[in-house]
Amino acid sequence: MPIEVMSTGNVGEESAGGPAGERPWAEAGRQPSIAIIGAGMSGIAAVVKLRKAGYTDLTVYEKTDRVGGTWRENTYPGLSCDVPSRWYSFSFALTPEWTHRFSYGPEIQAYMEKVAADFRVTDVVRFNTPVARLVYEGPTWRLTTAAGEVHRYDVVVAATGILHKPAYPDIEGLSSFEGASFHSARWDHSVELAGKRVGVIGTGSTAAQIVGDITEKVGAMHVFQRTPQWMVPMPQRIYSEGWKRVLRLLPFLQRVAYRYYYEFMLRTFAAATVGNQKMQERVSRLCQKNLEENVADPALRAKLTPDYQAACKRLILCSAFYPAITRSNAHLITERIERITPRGVLTTDGTEHELDALVLATGFDPTAFILPTKVTGEQGRDLEEFWDGAPRAHRAVAVPGFPNFWMLEGPTGPVGNLSLIMISEYQVDYVISMLDKMKQDGLAAIAVREDAFTNYNAAMREALPATVWVSGGCTSWYMDKTGLPNLYPWPPRQYLRDLRDPNFSEFRLMRDVDGQRLRSAA
Ligand code: N01
């Protein structure tokens, strides 16, 4: 339960504490009240793991009416996860029931809903309740919902995901198009595409899956490619009933499979990105071979060949795109888009590509994270201003000036061809270590030190040029406005090790003094 609100206004650090007469939770020996923002996979992991660790006063604020996050939001045809399902699972809810090695979106969404129900996560979710504002009033947080309700919490966990705000292309005339037009993450299922002339702008992971799925059904497919992409085949496999039975009988095999895919993906695709030259070359050869084997026409192959290294942009695992784009009803258009017309897309060579429907597979705003929720920390520090278009966090979890505020999948974490469910789980464990420390030492607040944050980020910036995201010669959604990727530049295993063994000297440990003022305990 949230603590009753007794005061308003941001009074910041070194000033009045929480509600009158209320001692900080760790000192008073009570449960901390914890607000979790978002009921996607990170929010679900947070509830299950926090509860298991003994933290039971939890409230999840979910802006929509269902759990699932990105798997609820994206419903485009062909949607699947190109990370193997045996690994893209909660470690506490492995299942023998996956139907495919790389599961499709609806099955993953059903899994999210089942886990949320089985672990009674939904019991603590407040659906249709977006959070508009968070203000730190040391040592607690004042939370205001979009509907204007105000509550106070000891701890806030932002489980708001990374890519949730669709990016619409800044192309002249977009709104003049008279056919159906929608972003890939806002798929309009009322539009019948069978037999129609369909345009897809973009060639990222999303577009590859859409084009791979719908091209054989539509009348004509026009793919507007600004930059070609490297792709490796997705070694899809359907799991038989017999295999499922074996896994039901011998559940430890599920754990073996989880570990197998973890090791495989870390040693191959993840290693290829962070300086393992040999692996990078192997992935490059795999991509080249994939293109040569699947695209016979040299002119089309030339158009599809990137001029940067494989894995520089997020590597696409997809076996359906090349067969689709080589179909007779598919057209790969590489001329630049001049503008959208009422009838279609006009390219710079003067051709008007007439269309019935236009899909914008143009990606997401990668700087959104918890924004647009307005977050105000110590001494009025505004999160959006602090980030200034280049979000940063300490170990992707903490931001200086924002005590008792933790992010899951925050900026500069390891993303890419990894199980983000696993990364989130490690981050939740890290947050639990912080809460345990507060409980053990009777602390009122913990915040990452400004110098630790600065040094960590400086080390990252130094390491980034050695990654293929920078040295590979491309631009991607990984880059922020500083021109560097917003990613963890070392092997993900190192990140996981560091999270497992928190270094508390990187944090300001604050103790309540006579219920009024905070002072450093260190
Ligand atoms: O978005 P993207 P996405 N004119 O940003 C093009 C995850 N994901 O939705 O390359 C013309 O990658 C843009 O061109 P360019 C995964 O992390 C995971 O596909 O910038 N074109 C690009 O081709 C992924 O990386 C799965 O030159 C324009 C495309 O639009 C992330 O989501 C599945 C344009 C955008 O590609 C985002 O993928 C799907 C313009 N004005 C997604 N603006 C899994 O299977 C943009 N483009 C786990």
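At what angle do helix H12 and helix H15 pack, and how far apart are their axes? H12 (residues 420-441) and H15 (residues 492-500) pack at an angle of about 25 degrees, and their axes are 8 Å apart. Axes here are lines fitted to C-alpha atoms, for helices over the stretch in contact, and angles run from 0 to 180 degrees between N-to-C directions. That makes H12 roughly parallel to H15 (angles under 35 degrees count as roughly parallel, over 145 as roughly antiparallel, 65 to 115 as roughly perpendicular and the rest as oblique).

Before going on, a word on the model: it is predicted, local features need pLDDT of at least 70, side-chain atom pairs count only at pLDDT 80 or more, and totals for chains, interfaces and linings use all residues. Residues are numbered from 1 along each chain as its sequence is written, and side-chain values use heavy atoms, with hydrogens and water left out.

**Helices around H12 and H15**

H12 passes H15 in a left-handed crossing (the near helix is turned anticlockwise from the far one by less than a right angle; clockwise would be right-handed). On the H12 side, the contact is made by Met 422, Ile 423, Tyr 426, Gln 427 and Tyr 430. H15 brings Tyr 495, Leu 496, Asp 498, Leu 499 and Arg 500. Contact means heavy atoms within 4.5 Å. Sorted by class, this contact has seven nonpolar residues, one polar and two charged (Ala, Val, Leu, Ile, Met, Phe, Trp, Tyr, Cys and Pro count as nonpolar, Asp, Glu, Lys and Arg as charged, and the others, Gly among them, as polar). Helices (H or I, at least four residues) and strands (E, at least two) are DSSP runs, numbered from the N terminus.

H12 also meets helix H2 (residues 41-52): their axes come within 9 Å and cross at roughly 40 degrees. H2 and H12 are therefore oblique to each other, and the crossing is right-handed. From H2, the residues involved are Met 41, Ser 42, Ala 45, Ala 46, Lys 49 and Leu 50. Their partners in H12 include Leu 420, Ile 421, Glu 425 and Leu 435. This contact of H2 with H12 counts nine nonpolar, two polar and three charged residues.

What about H15 and helix H7 (residues 252-273)? They pack at an angle of about 125 degrees, with axes 10 Å apart. That makes H7 oblique to H15. Arg 259, Tyr 262, Glu 263, Leu 266, Arg 267 and Ala 270 of H7 meet Pro 492, Arg 493 and Leu 496 of H15. Here the tally is five nonpolar, no polar and four charged residues.

**Around the ligand**

There are 23 residues around the ligand, and Thr 203, Thr 206, Thr 227, Lys 313 and Trp 477 come nearest (a residue is near a molecule if one of its heavy atoms lies within 4 Å of it).

| Residue | Its N or O atom is in the | Distance to a ligand oxygen |
|---|---|---|
| Ser 80 | backbone | 3.1 Å |
| Thr 206 | side chain | 2.6 Å |
| Arg 226 | side chain | 2.9 Å |

The peptide bond from Gly 138 to Pro 139 is cis, with omega near 0 degrees. Pro 139 sits in the loop between strand S4 (131-137) and strand S5 (140-145). Another cis bond runs from Leu 371 to Pro 372, with omega near 15 degrees, and Pro 372 is in the loop between strand S17 (357-360) and strand S18 (374-376). Finally, Asp 388 has a positive phi of about 50 degrees although it is not a glycine; Asp 388 lies in the loop between helix H11 (383-387) and strand S19 (405-407).

Terms used. A polar contact is a pair of N or O atoms within 3.5 Å; within protein, one must be able to donate a hydrogen and the other to accept it, and residues adjacent in sequence count only if both atoms are side-chain atoms.
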